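Student: Can you walk me through this one? I'd like to start with the chain contact and then move on to other things.

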There are 2 protein chains.
Amino acid sequence: MTRIAIAGYGNLGRGVEKAMAQNPDMELVCVFTRRDPASVKTASGVPVVPMAEAASWTEKVDVVILCGGSATDLPQQTPEVASLFNVVDSFDTHANIPTHFAHVDEAAKKAGKVAFISVGWDPGLFSLNRIYAESILRQGSTYTFWGKGVSQGHSDAIRRVPGVKKGIQYTVPVPSALEAVRNGENPQLTTREKHTRECYVVAEEGADRAQIEETIKNMPNYFSDYDTTVTFMTEEEFDATHTSLPHGGFVMRSGITGDGTKQLIEYSLNLGSNPEFTACVLVAYARAAARMSAEGQTGAKTVFDVAPRYLSPLDDETLRAHLL
Amino acid sequence: MTRIAIAGYGNLGRGVEKAMAQNPDMELVCVFTRRDPASVKTASGVPVVPMAEAASWTEKVDVVILCGGSATDLPQQTPEVASLFNVVDSFDTHANIPTHFAHVDEAAKKAGKVAFISVGWDPGLFSLNRIYAESILRQGSTYTFWGKGVSQGHSDAIRRVPGVKKGIQYTVPVPSALEAVRNGENPQLTTREKHTRECYVVAEEGADRAQIEETIKNMPNYFSDYDTTVTFMTEEEFDATHTSLPHGGFVMRSGITGDGTKQLIEYSLNLGSNPEFTACVLVAYARAAARMSAEGQTGAKTVFDVAPRYLSPLDDETLRAHLL
């Protein structure tokens with residue numbers, strides 16, 4: 001039994017708790033929180049422990065799955081917790097990965113722990129598809145598309161617009177761009193040509209809708225470089241329609257071999273729930289972290305460093321006989 | 001520089017030779033053959049060496065890429081060559097993998113060599129997608145579809161039918177079956193519901209076409225369990241149309257998380273040339289074999305045992321900064 005603790009009990013933490021129920025070789029021991037533990041009630045009934053007391057759980061937990069955010073939580077939390085436990089995080093600020101890796105690596109090596117960073121689907125499964133595809137098709141172009149799915153950052157941006165009561169944003173890949181890549185056209189695609197942004201908004205009573213739409217569409221970084229649609233709806237309709245957090249996307253490698261032979265590798269995800277799926281990836285890598293730690297490995301690692309066999313609950317002979 | 005030798009100079013061996021040109025960190029040293037070396041002319045001009053003299057090349061070659069067939073060549077050849085060199089093969093008789101692994105493992109361990117078996121796309125990349133997807137989505141169903149592409153075994157079977165001058169067979173996935181999986185219907189699919197078989201035939205002059213068609217369609221194991229079409233054509237048309245060896249396929253995992261949330265992982269290949277693509281996979285794993293051997297690893301391995309980082313010519317920092 002691999003003994004797991006969850007740090008942070010939001011959407012992702014609850015997703016990990018649900019995923020644990022599908023992995024009978026793993027056991028959820030507790031949830032660490034920075035909130036008042038009395039205010040946190042876990043679905044499974046496992047104890048809720050103040051983060052400050054985590055150090056007293058080192059003998060009872062094999063891997064901590066860190067479920068905080070990349071902006072402020074993980075840069076501080078992952079190195080701290082990696083000095084006590086094997087950890088897995090889903091740090092996803094691509095530009096800051098090298099710095100995060102260095103900090104976590106130092107803490108984990110010092111403590112003799114394994115620390116997986118940037119586990120999830122992008123970074124994570126999409127990264128795996130990029131490295132496999134680019135290592136195999138050396139000559140070619142790689143394309144990553146996201147969606148259709150909810151972007152939390154863009155949804156937050158909408159909700160900060162004056163007059164917006166509720167809002168959600170879906171990132172949508174442009175079908176003709178996907179087709180051009182699939183056809184081996186190796187297109188040079190601008191930001192606008194790759195994705196559109198669909199916004200659904202409930203306006204405050206009396207708010208100027210035309211003004212809201214203009215403000216959203218012209219927002220730099222978030223929307224101004226995209227073809228953006230803004231659809232207003234009643235609160236009832238919004239609450240009935242936009243309850244889940246679907247996401248997904250595509251990684252494609254269009255390459256050439258020999259004398260101009262076209263070869264295409266495509267990977268895609270169509271996820272009913274982004275946090276529940278990300279949680280499943282974290283749990284599989286927690287299994288790997290426990291095993292690699294047991295073998296004496298230490299330091300920060302990414303999905304690039306993990307042989308697939310470590311992720312599966314099945315033994316090597318079964319894997320070769322049934323999955324190879 | 002990783003120094004590579006090719007054993008067997010057919011379609012796959014020639015594909016490896018072409019792939020080497022796209023991998024400047026690797027060098028093709030020679031081709032080993034069981035034929036008369038004088039009868040084999042390599043495109044790149046590297047020397048052709050009798051297989052029986054391979055032992056005198058152990059100091060000049062880091063990895064031998066075995067390009068023989070799975071039916072009779074590799075079961076004998078892989079253990080033999082693995083007693084002298086690190087090797088990579090594309091053994092693809094799924095049912096015999098455990099036995100092949102055991103033989104190769106014994107030879108490679110004894111010699112202190114690394115031997116990758118069953119490298120390619122199925123087994124190989126499709127296997128990787130099965131293990132990743134099943135390790136992540138623990139509850140669900142996995143589907144593998146092949147095609148559209150040329151099956152060599154089925155094409156050979158057609159060509160053995162009396163009255164057939166030339167023949168080729170394409171395996172084609174049934175579109176409605178793919179859609180049912182994508183929709184999360186978790187269908188139970190019979191052999192007939194998953195794939196159709198399209199045959200293109202040039203008949204000998206005066207041959208009974210109706211008889212040929214009947215014989216093909218009723219052939220047990222190969223065609224009788226499928227909806228099979230047989231299309232006759234002139235030799236000119238055949239030679240103009242059916243010159244390449246395209247292939248591909250799909251691995252899909254349709255799963256459930258949490259309280260019935262649907263999640264779909266899909267991987268697909270659309271390959272202009274099956275042997276050229278398989279060759280590229282073999283070359284990437286040859287890079288990994290050289291590295292893992294240099295680290296002191298020995299014995300038989302499969303794609304499940306290889307961390308993705310070993311496949312790429314890029315260093316770890318570059319990988320984290322640009323592909324993660």
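Interface and salt bridges

Tutor: This is a predicted model. A salt bridge joins the side chains of A:Arg309 and B:Asp305, at 3.6 Å from N to O.

Student: How many salt bridges are there between chain B and chain A?

Tutor: The count between these two chains is 2 salt bridges. Polar contacts across the interface come to 27 residue pairs, both residues at pLDDT 80 or more.

Student: Which element gives the most to the side of chain B that touches chain A?

Tutor: That is β13(B), with 11 residues. The residues on this side of chain B divide into 32 nonpolar, 19 polar and 13 charged.

Student: And what area is buried between the two chains?

Tutor: About 5,500 Å², with carbon and sulfur atoms giving 62% of it. Chain A puts 64 residues into the contact, and chain B puts in 64 residues.

Student: Switching to helix α3 of chain A. Which of its residues are buried?

Tutor: A:Ile97, A:His100, A:Phe101, A:Val104, A:Asp105, A:Ala107 and A:Ala108 are buried. The helix covers residues 97–111, 15 residues, and spans 21 Å from first C-alpha to last, close to the 21 Å expected.

Student: Why would residues three or four places apart point the same way?

Tutor: Because an α-helix has 3.6 residues a turn.

Student: What covers the buried residues of α3(A)?

Tutor: The cover includes α2, β6 and β14 of chain A, together with α11 of chain B. Just after the helix, A:Gly112 has a positive phi of about 70°.

Student: Back to salt bridges. How many over all chains?

Tutor: The count is 36. One of them pairs B:Arg3 with B:Asp62, with the closest N and O atoms 3.0 Å apart. B:Arg3 lies in strand β1 and B:Asp62 in the loop between β3 and β4 of chain B, 59 residues apart.

Student: What about B:Glu276, which partner does it have?

Tutor: B:Glu276 forms a salt bridge with B:Lys18, and their closest N and O atoms are 3.0 Å apart. The pair links helix α10 to helix α1 of chain B, 258 residues apart.

Student: Is B:Glu276 buried or exposed?

Tutor: B:Glu276 counts as buried because its relative accessible area is 10%, under the 20% cut-off. B:Lys18, at 34%, is partly exposed.

Student: Which residues in chain A are linked in a network of salt bridges?

Tutor: A:Lys165, A:Lys166, A:Glu235 and A:Asp239 are linked that way.

Conventions
Residues numbered from 1 in each chain as written. Chains lettered and ligands numbered in written order. Heavy atoms only, no water. Helix = DSSP H or I, 4+ residues; strand = E, 2+ residues; numbered from the N terminus. Expected span 1.5 Å × (residues − 1). Buried < 20%, exposed > 50% of the residue type's maximum accessible area, 1.4 Å probe, protein only. Contact = heavy atoms within 4.5 Å. Buried area = accessible area lost by both parts, 1.4 Å probe. Salt bridge = Lys/Arg side-chain N within 4 Å of Asp/Glu carboxyl O. Polar contact = N/O pair within 3.5 Å; in protein donor to acceptor, adjacent residues only side chain to side chain. Nonpolar A, V, L, I, M, F, W, Y, C, P; charged D, E, K, R; others polar.
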